[in-house]
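Hi,

Here is the structure we talked about. Please open it, then read my notes below.

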Amino acid sequence: MQDIKLLDNEYIIGTYNRQNLSIVSGNSATCFDENDKEYIDFSSGIGVNSLGYCDDEWSFAVAKQASLLQHTSNLYYTEPAVKLAKLLCEKTGYKKVLFCNSGAEANEAAIKLARKYSFDKYGSDVNRNKILTLKNSFHGRTITTLSATGQEVFHNYFFPFTQGFEFANSNDIDEVLSILNSGDYCGVMIEFIQGEGGVIPLECDFVKKLFAYCEEADILTIADEVQTGIGRTGKLLASEHFDAKPNITSLAKGLGGGLPIGAIITDEKTCDVFKFSDHGTTFGGNPVACAGAYVALQRIADDSFLAEVQAKGEYIKWELSSLPEVLAIDGMGMMLGIRLKSKNAGEIVKKGIEKGLILLTAKDKIRLLPPLNITMQELNKGLSILKEILA
Ligand SMILES: Cc1ncc(COP(=O)(O)O)c(C=O)c1O
């Protein structure tokens, strides 16, 4: 560990405040360090390892594809990308998919698409290219997705930012509609549950009114489901909890089950906006990533699997919410944020690692994003460590 830490400090640019842990291997929701110490993982690598570490079926599909064809350019057809796109459309009701490699890239694509939609339909004379996002949102780390991110702390140093973004308060429908009324907007981008912002769900009534207005005004609705998507909240897409059908949904994180992949899924209004050469990325639709994602999606997009995610989320809430240190638990399914009465969330994460439990924070909350298929045995083991720390 000491060697790795020294080498990391020497050779890797220090943009992450790493915990004192080097993970070597894992299975299901359990992983091990170099001394074979066991950890229960309630983080899934920030919501990525949706089927846990090294799921048998997922690993087999990835290894098989890696030994058959690891990459070819997007100038050619490949079966894994087509199979995954078809399954995504069938399971979500969307029309077409565009693949990329991360959440930020998926959001970039969605923003470009919304602007092109408006340009195609209303022309360049009309300045209808702005995107409204919400305060406290997080949409990625590229210059444009930082511009879309509604948190001042991310707007240091890197100016000038991409123009054309405004921020409104979540759940303040009057403010949102008064901004959108200007006629300058081509899109609205939201997270149904703000993840990095502290696991904060939107109110259903706000979403309903916002979507109705946007439909009427031909403003595209973009859902950033990079963190909430693919079963995380107990539904395949978090939009289902809100009875909403965004024109574009961005996905990444849990979609790949552990390999880098991002995607936008588009409806009938938006699926044919991008034409030849309007967008592209070398690695988008990589066959190995798509083969893994296909397994993850097929397993997760199943009613009984999703019902279990929901039930495990309820179980976690039930087990923890009566603890004296717990003020409240926010979130849905297995995307949960624990509000604490007096303890510091960062300190709890450190204690967790000492005791063999991997946790996350989101603002001042403890954030739980366990693998969706965590076993009850692992869940109970992790919860008893967490209870001990919170006591
Ligand atoms: C809601 C949301 N959007 C976008 C991103 C950026 O994704 P990536 O880190 O894959 O670029 C994240 C990452 O945390 C996220 O939570």
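First, a term: a polar contact is a pair of N or O atoms within 3.5 Å; within protein, one must be able to donate a hydrogen and the other to accept it, and residues adjacent in sequence count only if both atoms are side-chain atoms. This is a predicted model, where local features need pLDDT of at least 70, side-chain atom pairs count only at pLDDT 80 or more, and totals for chains, interfaces and linings use all residues. Residues are numbered from 1 along each chain as its sequence is written, and side-chain values use heavy atoms, without hydrogens or water.

**The ligand**

Start with Q227. One of its polar side-chain atoms is 2.8 Å from a ligand oxygen. K253 also puts a polar side-chain atom by a ligand oxygen, at 3.4 Å. F138 uses its backbone instead: an N or O atom there lies 3.4 Å from a ligand nitrogen. The protein covers 81% of the 390 Å² of accessible area that the ligand has on its own (Shrake-Rupley method, 1.4 Å probe).

The shell around the ligand has 13 residues (a heavy atom within 4 Å). G103, A104, D224, Q227 and K253 come nearest. Three shell residues are nonpolar, six polar and four charged. Here Ala, Val, Leu, Ile, Met, Phe, Trp, Tyr, Cys and Pro count as nonpolar, Asp, Glu, Lys and Arg as charged, and the others, Gly among them, as polar. Helix α5 (residues 103-122) gives the most to this shell, with three residues. Helices (H or I, at least four residues) and strands (E, at least two) are DSSP runs, numbered from the N terminus.

**The pocket**

Where does the ligand sit? It sits in the largest pocket, as more than half of its atoms lie within 2 Å of the grid points. A pocket is an open set of points on a 1 Å grid over the protein atoms alone, where a 1.4 Å probe fits, with protein on both sides within 12 Å along at least five of seven lines; lining residues have an atom within 4 Å of a point.

The lining counts 49 residues, and Y16, I46, E196, L360 and R367 lie nearest the centre. α11 (345-355) gives the most to the lining, with four residues. By type, the lining has 20 nonpolar, 19 polar and ten charged residues.

**Backbone**

F159 and P160 are joined by a cis peptide bond, with omega about 5°.

Best wishes
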